[in-house]
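Reader: I have a new model open and would like to talk it through. Can we start with a loop and work inward?

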Amino acid sequence: MDKSILTLGGPSWINLVNTIYISNKQEIDILANASSVLQWMKENNLVRESDVLALEKKKLLDSLIVELQSTRTLCNTILSEIEQNRKLSLRTTNKIKSAVEKLQGSLTINSESEKLKITFQGKTIEDHIMYGIMDSIINTFENTSLERIRKCNHEECRLYFVDTSKAGKRRWCSMELCGNRKKAAEFYSKKKKK
Ligand SMILES: [Zn+2]
């Protein structure tokens with residue numbers, strides 16, 4: 001697996017949607033593989049250092065994967081509503097709301113950097129990870145113009161990303177994965193036509 005796939009979407013909720021991707025015309029599901037799930041969560045900064053050891057327990061990881069799968073379904077719905085209507089339905093908004101209201105934890109101050117920041121500490125590992133994903137959804141709606149959320153232009157790719165480039169013309173999930181192979185294909189088809 002190309003490690004860049006884990007985070008190229010930007011916010012973790014979009015990276016969660018991207019956990020199903022196409023590679024060599026085959027569908028790969030990162031959530032179907034325990035060690036890939038762990039890697040995905042770490043790369044997306046969803047796991048606290050103190051949680052790493054506990055996550056080696058199969059039972060905990062399995063129940064977490066079930067939650068991630070249903071959250072992925074929710075994130076897919078969010079994306080398709082953005083694509084179709086540029087806003088969320090009341091039903092989806094309520095689903096996000098009830099997912100957030102389920103979370104248990106406490107607030108603390110992160111004083112690692114010079115700026116003090118209030119952060120949420122989940123009561124359980126699940127609470128903590130789900131908070132991270134929910135927070136990323138809300139953050140996107142607060143700080144991102146929705147047309148900047150796009151699907152990769154390559155017809156065989158289904159990855160999404162937030163275009164944070166200045167010009168806002170990003171077309172590919174990544175140049176390495178799709179941009180170059182598309183350009184090569186265009187080059188050869190032009191050559192054929194001549
Ligand atoms: Zn792509």
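Author: Fine. This is a predicted model. Asparagine 45 sits in the loop between helix 2 and helix 3.

Reader: What is the phi of asparagine 45?

Author: Asparagine 45 has a positive phi of about 55°, although it is not a glycine.

Reader: And is asparagine 45 buried or exposed?

Author: Exposed, because asparagine 45 has 11 other C-beta atoms within 10 Å, and a residue counts as exposed at 12 or fewer.

Reader: What about asparagine 24, where is that found?

Author: Asparagine 24 is in the loop between strand 1 (20–23) and strand 2 (26–29). Its phi is positive as well, about 50°, and it is not a glycine. Asparagine 24 is exposed, with 6 other C-beta atoms within 10 Å.

Reader: Which residue just after helix 3 takes a positive phi?

Author: Arginine 86, at about 60°.

Reader: Step back a bit. How many helices and strands does the protein have?

Author: There are 6 helices and 6 strands. Along the sequence they come in the pattern α-β-β-α-α-α-β-β-α-β-β-α. The C-alpha atoms fill a box of roughly 65 × 40 × 35 Å along the principal axes. Of the 194 residues, 24% are buried.

Reader: Back to helix 3, then. What does it reach from end to end?

Author: Helix 3 covers residues 58–85, which is 28 residues, and reaches 40 Å from its first C-alpha to its last. That is close to the 40 Å expected at 1.5 Å a residue.

Reader: Which residues of helix 3 are buried?

Author: Leu64, Leu68, Thr71, Arg72, Cys75 and Ile78. What covers them includes helix 1 (12–17), helix 4 (90–101) and helix 5 (125–143).

Reader: At what angle do helix 3 and helix 5 pack?

Author: About 15°, with their axes 11 Å apart. That makes helix 3 roughly parallel to helix 5, because angles under 35 degrees count as such. The crossing of the two helices is right-handed.

Reader: Which residues meet there, between helix 3 and helix 5?

Author: From helix 3, Leu60, Leu64, Glu67, Thr71 and Ile78. From helix 5, they meet Ile125, Glu126, Ile129, Met130, Ile133 and Ile137.

Reader: What should the 19 residues of helix 5 span?

Author: At 1.5 Å a residue they should span 27 Å, and the end C-alpha atoms of helix 5 are 27 Å apart, so the two agree. Its buried residues include His128, Tyr131, Gly132 and Thr140.

Reader: Aspartate 135 lies in that helix too. Why does it count as partly exposed?

Author: Because aspartate 135 has 18 C-beta neighbours inside 10 Å, and a residue needs 20 or more to be buried.

Reader: Last topic. How many residues does the largest nonpolar core have?

Author: It has 33, and those with the most contacts inside it are Ile129, Ile133, Leu159 and Cys173. Helix 1, helix 2 (34–43), helix 3, helix 5 and strand 6 (160–162) each give two or more residues to this core. Helix 5 gives the most, with 7.

Reader: What does cysteine 173 touch, leaving out residues up to four places away in sequence?

Author: Leu8, Cys152, Cys157, Leu159, Phe161 and Cys178.

Methods. Residues numbered from 1 in each chain as written. Predicted model: local features only at pLDDT ≥ 70, side-chain atom pairs only at ≥ 80, totals over all residues. Helix = DSSP H or I, 4+ residues; strand = E, 2+ residues; numbered from the N terminus. Expected span 1.5 Å × (residues − 1). Contact = placed C-beta atoms within 7 Å. Core = buried A, V, L, I, M, F, W, Y, C linked by C-beta atoms within 7 Å. Axes fitted to C-alpha atoms, helices over the stretch in contact; angles between N-to-C directions. Parallel < 35°, antiparallel > 145°, perpendicular 65-115°, else oblique. Left-handed = near helix turned anticlockwise from the far one by under 90°.
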